[in-house]
Amino acid sequence: LASTSLCLGLKIDPTSSYIRYKGRFDFTNKAIPRADWSGASIQVYVTNTSSVSFEIGESHNGKDTVDIIVQDKSGNILSIITENTTADTRENIFSPVLQEDQSYLVTFARRNEPNVGTISFYGVSVSLGGAFLPVPEEPSRKIEFLGASMTCGFCNLGQEKTGPTGPMEEDVYYGFANIIPRAFNAAVHVESWSGKGVVRNYGSLNMTSTDAYPSLFSKIIATEPQQQPQQQGGSSNQWDFKQWVPDVVYIELGTNDFSVPPVPTQDIFVSGYMKFINDIKAAYSPTEPKIIMMCGPLVGSSSPCIPLE
């Protein structure tokens with residue numbers, strides 16, 4: 001069970017070197033970093049503490065669910081709990097009760113995709129007498145997953161076909177975009193959003209969509225404009241691709257393009273996909289990560305896989 005109270009001891013702010021960020025975070029305000037992509041995580045290594053508290057703010061109308069993952073110093077998972085955030089609220093999200101004579105790697109991780117909400121981070125605390133240690137080195141292998149609902153883990157915790165499909169039924173940690181990196185001891189970034197396509201989103205009335213997945217690829221906060229209005233500071237929402245360079249980029253897109261009519265023509269789809277691949281290559285140049293295009297299993301008879309090959 002999660003600890004519901006904590007006699008607060010040492011607190012570190014978001015700029016501390018004892019914190020590792022995994023995924024894309026907006027540091028425009030370094031004191032309050034924000035994230036909305038699937039699996040964006042905050043990680044600390046602690047000792048002599050009975051609990052860890054992550055101070056989090058949730059966006060207006062946000063309804064994120066988050067995982068608190070506790071591992072021992074060898075990386076073995078000891079417990080995972082799920083908590084809900086509260087819209088427009090700054091609150092403490094607690095870890096399970098810990099043994100004070102042990103050291104733990106504790107991770108706060110977003111389960112959900114961008115349209116569910118945006119998380120703000122204000123700092124992390126341990127109980128009286130507790131201490132922070134340097135976070136163990138990240139694995140040298142790096143994998144990035146770009147995709148739609150299957151990459152998000154949409155409804156991967158759902159029980160029935162006709163059951164609910166909300167944030168509690170989705171957890172990217174239990175999806176292939178996290179299972180594969182764990183199997184290969186690799187660090188991972190996930191940028192995924194259900195319903196997005198290469199050139200056309202699910203259910204679009206046209207053969208192309210202006211907000212298809214490639215329009216989101218370079219964003220730090222997926223739900224916000226590429227450039228903020230001047231009255232909001234005019235800051236850039238452009239991700240710095242030199243911050244984190246993957247060895248492999250997996251793309252899981254195409255299902256939504258061919259979901260329901262009017263589907264894009266083969267030429268429109270293939271040319272759009274090839275442009276996106278070239279954009280990925282340009283973003284990471286001069287490094288050349290391997291790019292793997294995964295064919296979604298739900299595209300049916302109008303599969304784009306063969307022309308792409």
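Predicted model: local features only at pLDDT ≥ 70, side-chain atom pairs only at ≥ 80, totals over all residues.

**Entry 1**

I looked up which of the 36 lining residues are closest to its centre, and they are Lys22, Gln43, Gln71, Pro139 and Arg182.

Which element gives the most to the lining of the largest pocket? I find that β13 does, with five residues. At least two lining residues each come from β2 (20-22), β4 (41-47), β6 (65-71), β9 (103-110), α2 and β13.

**Entry 1: the parallel sheet**

Next I followed β13 into its sheet. I read an open sheet of four strands in the order β13-β12-β14-β15, with parallel pairing. β13 (186-192) and β15 (290-294) each have a single partner strand, so these two are the edges, and one side of each has no neighbour in the sheet. From one strand to the next, I get an average twist of 20°.

I then checked the pairings one at a time. Strand β12 (residues 141-147) runs parallel to strand β14 (residues 248-252), and five bridges join them. In that pairing, Glu144 has Val249 of β14 as its bridge partner. β14 is also joined to β15 by five bridges, again parallel. There I see Ile251 opposite Met293 in β15.

**Entry 2: helices on the sheet**

Which strands does helix α2 (residues 176-183) touch? I list β12, β13, β14 and β15, and the direction of α2 makes about 170° with that of β13.

Helix α3 (residues 266-284) lies across β12, β14 and β15, and I get about 155° between α3 and β14. Tracing the chain through β14, α3 and β15, I find a right-handed β-α-β unit.

In the loop between β14 and α3 I find Pro262, and the peptide bond from Pro261 to Pro262 is cis, with omega near 0°. Past the helix, Pro286 sits in the loop between α3 and β15.

**Entry 3: a hairpin and a positive phi**

Back to Gln71, which I had noted among the residues closest to the pocket centre. How do β6 and β7 run, parallel or antiparallel? They run antiparallel, and seven bridges join them. Gln71 stands opposite Ile77 in β7. I count this pair as a hairpin with five residues between the strands, and Gly75 in the turn has a positive phi of about 95°.

Further along, I stopped at Asp88 in the loop between β7 (77-84) and β8 (90-94). Asp88 is not a glycine, yet I get a positive phi of about 55° for this residue.

Technical notes: Residues numbered from 1 in each chain as written. Heavy atoms only, no water. Pairing = 2+ DSSP bridges. Axes fitted to C-alpha atoms, helices over the stretch in contact; angles between N-to-C directions. Contact = heavy atoms within 4.5 Å. 1 Å grid on protein atoms, 1.4 Å probe; cavity = no way out; pocket = protein on both sides within 12 Å on 5 of 7 lines; lining within 4 Å. Right-handed = clockwise from strand over helix to strand, strands pointing away.
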